[in-house]
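Here is a short report to read alongside the sequence and the 3D view. Keep both open as you go.

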Amino acid sequence: MNKRVTIKIAEIIEETKDIRTFVFQHNLGAKPGQFIMLTDFEGGEKPFSISDCTETEFFITVKRIGDFTTRLFQKNAGDFVSIRGPFGSSFFISSGNVLLVGGGYGTPPLYFLAQELLKNGAKVTVVNGAKTKEDLVFCDKFKELGVEYQNITQLGCLGRAGTSVDLAKEAITGQKFDYVYAAGPEMMMKALQPHLQDLEYEFLFERYMKCAIGICGNCTMDPLGIRLCVEGPVLPKKLVEQLTEFGKYHRDATGKRIEY
Amino acid sequence: MHKRIKTKFLGVEIESPLVLPAGVMDMSYSGLNFACKNGAGIVTSKSLTLQPRSGHKSPVVAEFAGGMLNCMGLCNPGISEGLIEIDQFKERSLIPVIVSVFATNKDDFLSLTKQVNDCHGDFLELNLSCPNVFDEFGIPLAASKEEVFKIVKAVKELSQKPVIAKLSPNVYNIVEIALAAQKAGADALCMINTVGPGMAIDAKMVKPVLFNKFGGLSGPCIKPIALKMVYQSYSAVEIPIIGMGGVTYGIDAVEMLMAGASVIGVGTAVYYRGMEVFEKINEEMIEFMDENGYETIADIPKLKKLEM
């Protein structure tokens, strides 16, 4: 049951200056939206979404933000790390006309999702936003999939300035979607939500995680008490609509509420 | 539906004898509520300390055949924030709450007790036995009958709520500790905390799996120790016991009752069987009662007490 395995990093792909994809040769058996816990036993074990997964390998895409990821970035192909997983809920694989909304380094798990959707016969549109051109990931990979693809940056590095929510609003106005999926900063999803009132959707959430097996209670979401590591990280509309903490606060390692 | 497993704990009516113990799904009011919705009869807060604690660096859990190691390290938002969560829970639920607190000396326990007096929690649990903060605090208080007596007695004089002493299995003579807690005025005992501690090693990377190196054992492998210690203590004391340690299925809960527990804690089994574990165990206990001709939970017999 999600036993720990210690495996070598097979390959490291530089996506941007601060974002890298780590490839592992291991049959993880993950579904889109699920995550692993990864550690090097030097202090810290962190959750990472799966950005791609086949029967022989899987990928995680990591942004360098703190001590842990800085240490991870110093590793080379051939170095060992230890992982547990896959954990958590996964995206519903629809077959209709679907829209994927990604923000920053939250976008990569949508790449894994897009492939499964395409396999299932869905018509896929992807809108991808980030602060700058340097923070946009997987642009070429999405284009290679042959999905409808648009990206945008807040600073207007690619011409127009805006967010993926702006692109999503335009897409929704232009056509009828059967399903919308979003992964990225919580405030992006919060801004997106009012535009999805008539649509089915699923959001991929992030919370501080420790055990990842539904015991410690650090990643529960108010007022339902559902655990983001078991009932999440992918939550459907009917649950998202009930979350009072969505876009308001999250909890730190002590359990204290931190306002957004 | 579950009238047959209704019972009382320290005078309070409960819908199920199953208790969510400290440290499991109890960081927030909503986590406690989630456990209640799934069939727990009593819930316990995280062990709250005077100041917030982040706990140990991860990995904080390691699984092995038969159980789990954990070294959460008493992470909690501190007593003030923690009591807000408890009051928010009580605004929404009638289920009794045990407020668990942790300190390393009498004065801090008294400060915590004073604050707990002002919250809407039902019971006060003194965690005298966390095995995972040895580097910081040394041997748990629960290892010394003198310390247990001193702290429980002082807290009892101040507390407006019934006081539960949470004891450690990692002692040579559990009976003398249980008796010391009772003599000091404890209203109930809660046992056992995690066993050991123990460790796990990653052979490929030649590293301890837990960043804290050591962690307390829980899960099915500790049930025999829990049954023995609950039985020994039950034989010696008059006060009720919250029995826990490895309870995963209904039959484990029944055995814990037979060993002398009044109510039963279910923690690590949340991992093995999901949050629904409380409802599952409730139903399995009723099945056992059906098969063996017991109408209510009070009809389940206890073992004959040990002769002391």
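Which residue in strand 10 of chain B is the bridge partner of Ala165(B)? The partner is Leu189(B). Bear in mind that this is a predicted model.

Strand 9 of chain B covers residues 163-166, and strand 10 of chain B covers residues 188-191. The two strands run parallel and are joined by three bridges. Both belong to a closed barrel of eight strands in chain B. The barrel order is 3-4-7-8-9-10-15-16, and the pairing is parallel. From one strand to the next, the twist averages 30°.

## Chain B as a whole

Chain B holds 10 helices and 16 strands. Its radius of gyration is 18 Å, close to the 19 Å that the globule rule gives for 308 residues. Chain B is therefore as compact as a globular protein of that length. Along the principal axes, the C-alpha atoms of chain B fill a box of roughly 50 × 50 × 45 Å.

Of the 308 residues of chain B, 58% count as buried. Now take the contacts in chain B with a separation of 6 or more. Residues 24 or more positions apart account for 70% of them.

## Two packed helices in chain B

Two packed helices are described by the angle between their axes and the distance between the axes. Helix 7 (residues 223-236) of chain B packs with helix 8 (residues 250-259) of chain B at an angle of about 25°. Their axes are 8 Å apart. Because of that angle, helix 7 of chain B counts as roughly parallel to helix 8 of chain B; the cut-off for this class is under 35 degrees.

Which residues make the contact? From helix 7 of chain B come Lys223(B), Leu227(B), Val230(B), Tyr231(B) and Tyr234(B). They meet Asp252(B), Glu255(B), Met256(B) and Ala259(B) in helix 8 of chain B. The residues of this contact divide into six nonpolar, no polar and three charged.

## Where the chains touch

How many residues does each chain bring to the contact? Chain A gives 29 residues and chain B gives 32 residues. On the side of chain A that touches chain B, strand 6 (80-87) and strand 12 (220-221) of chain A each supply at least two residues. That side of chain A divides into 11 nonpolar, 12 polar and six charged residues.

Phe80(A) lies in strand 6 of chain A. Leaving out residues up to four places away in sequence, Phe80(A) touches Thr6(A), Ile7(A) and Lys8(A), and also Lys204(B) and Met205(B). Phe80(A) and Lys8(A) are 72 residues apart in sequence, yet 4.3 Å apart in space, C-alpha to C-alpha. Is Phe80(A) buried, partly exposed or exposed? Phe80(A) counts as partly exposed because it has 16 C-beta neighbours inside 10 Å.

## Phe138(A), a loop residue

Phe138(A) sits in the loop between strand 8 (123-130) and helix 3 (139-145) of chain A. Why does Phe138(A) count as buried? Phe138(A) has 26 other C-beta atoms within 10 Å, and a residue is buried at 20 or more.

Setting aside neighbours within four places in sequence, Phe138(A) is in contact with Thr107(A), Pro108(A) and Tyr111(A). Tyr260(A) gives another reference point: Phe138(A) and Tyr260(A) are 122 residues apart in sequence and 27 Å apart in space, C-alpha to C-alpha.

Terms used: Residues numbered from 1 in each chain as written. Chains lettered and ligands numbered in written order. Predicted model: local features only at pLDDT ≥ 70, side-chain atom pairs only at ≥ 80, totals over all residues. Helix = DSSP H or I, 4+ residues; strand = E, 2+ residues; numbered from the N terminus. Buried ≥ 20, exposed ≤ 12 C-beta atoms within 10 Å, placed from the backbone. Contact = placed C-beta atoms within 7 Å. Nonpolar A, V, L, I, M, F, W, Y, C, P; charged D, E, K, R; others polar. Pairing = 2+ DSSP bridges. Axes fitted to C-alpha atoms, helices over the stretch in contact; angles between N-to-C directions. Parallel < 35°, antiparallel > 145°, perpendicular 65-115°, else oblique. Rg over C-alpha atoms; globule rule 2.2 N^0.38 Å.
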